[in-house]
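Subject: Structure handover

Hello,

Please find the structure below. My notes on what was found in it follow.

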Amino acid sequence: MNLESVYAKHQSELQLHLARIVDCPEIAAELVQEVFIIFSTEIRRQKIDHPRGFLFRTAKNLAYDHIKHRKVTEKHIDNILLLPSEEAPSAEHQALVEEKLSIFSAIVDELPERVREAFILNRVYGMTYAEIAIELNISDSAVEKLISRALLHYRQQFKIRQSDLSND
């Protein structure tokens, strides 16, 4: 499989797709580059029978991760800006919040792809289980199981990692 030909064939389509998701052509271009870096690594490790599917699935995951990170960061910044300066959190508190956000992001990244996708659609995008079921083409009960699995994993891992933080 020739990386250059796959890039030439799918780059513009992928960038348009990502631009619609992240609502920014510059970020979409960066994500496309990241997709092809991942792709070039993976074609050395395994045979990829359907490169277009691999590229779009990877792109969607990167876009969701980007949006998730952006929304968490924006919410955090908005909360800080809304506080009067005397109530603004200390640098230590901000560092602790950033550490917790980093832990959250790492835990979500550990989830299996389908579980992570359902979790992000629910918790970041605010989609209902029924909407997620339609989006992922699965039943409502399957969505419920995916979200439950994600929450269980998150609670277990956050408890472990937070205790590690307090022991440092």
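Which salt bridge do the side chains of Lys68 and Asp109 form, and at what distance from N to O? The two side chains meet at 3.4 Å, N to O. A salt bridge here is a side-chain nitrogen of Lys or Arg within 4 Å of a carboxyl oxygen of Asp or Glu.

Some background before the rest. This is a predicted model, in which local features need pLDDT of at least 70 and side-chain atom pairs count only at pLDDT 80 or more, while totals for chains, interfaces and linings use all residues. Residues are numbered from 1 along each chain as its sequence is written, and side-chain values use heavy atoms, with hydrogens and water left out.

Overall layout

The protein chain has seven helices and zero strands. Helices (H or I, at least four residues) and strands (E, at least two) are DSSP runs, numbered from the N terminus. Buried residues account for 33% of the 168 residues; buried means under 20% relative accessible area, exposed over 50%, and partly exposed in between (1.4 Å probe, protein chains only). Of the contacts (heavy atoms within 4.5 Å) between residues at least 6 apart in sequence, 62% join residues at least 24 apart.

Nonpolar core

A nonpolar core is a set of buried Ala, Val, Leu, Ile, Met, Phe, Trp, Tyr and Cys residues joined through side-chain atoms within 4.5 Å. The largest one holds 38 residues, and those touching the most other members include Leu14, Phe36 and Phe119. Each of the helices α1 (3-22), α2 (25-45), α3 (51-82), α4 (91-110), α5 (113-123), α6 (129-136) and α7 (140-167) supplies at least two residues of this core. Helix α3 gives the most, with eight residues.

Salt bridges

The count is seven salt bridges. To return to the opening pair, Lys68 lies in helix α3 and Asp109 in helix α4, so their bridge ties together parts that are 41 residues apart in sequence. Lys68 is buried at 3% relative accessibility, whereas Asp109 is partly exposed at 39%. Lys68 also meets Asp65 in a salt bridge (3.9 Å, N to O); these two are three residues apart in helix α3, about one helical turn. Through shared partners, Asp65, Lys68 and Asp109 are joined into one network.

Another salt bridge links Lys60 and Glu117, with the closest N and O atoms 2.8 Å apart. Lys60 is in helix α3 and Glu117 in helix α5, so this pair connects parts 57 residues apart in sequence. Lys60 is partly exposed at 23% relative accessibility, and Glu117 is buried at 3%.

Regards
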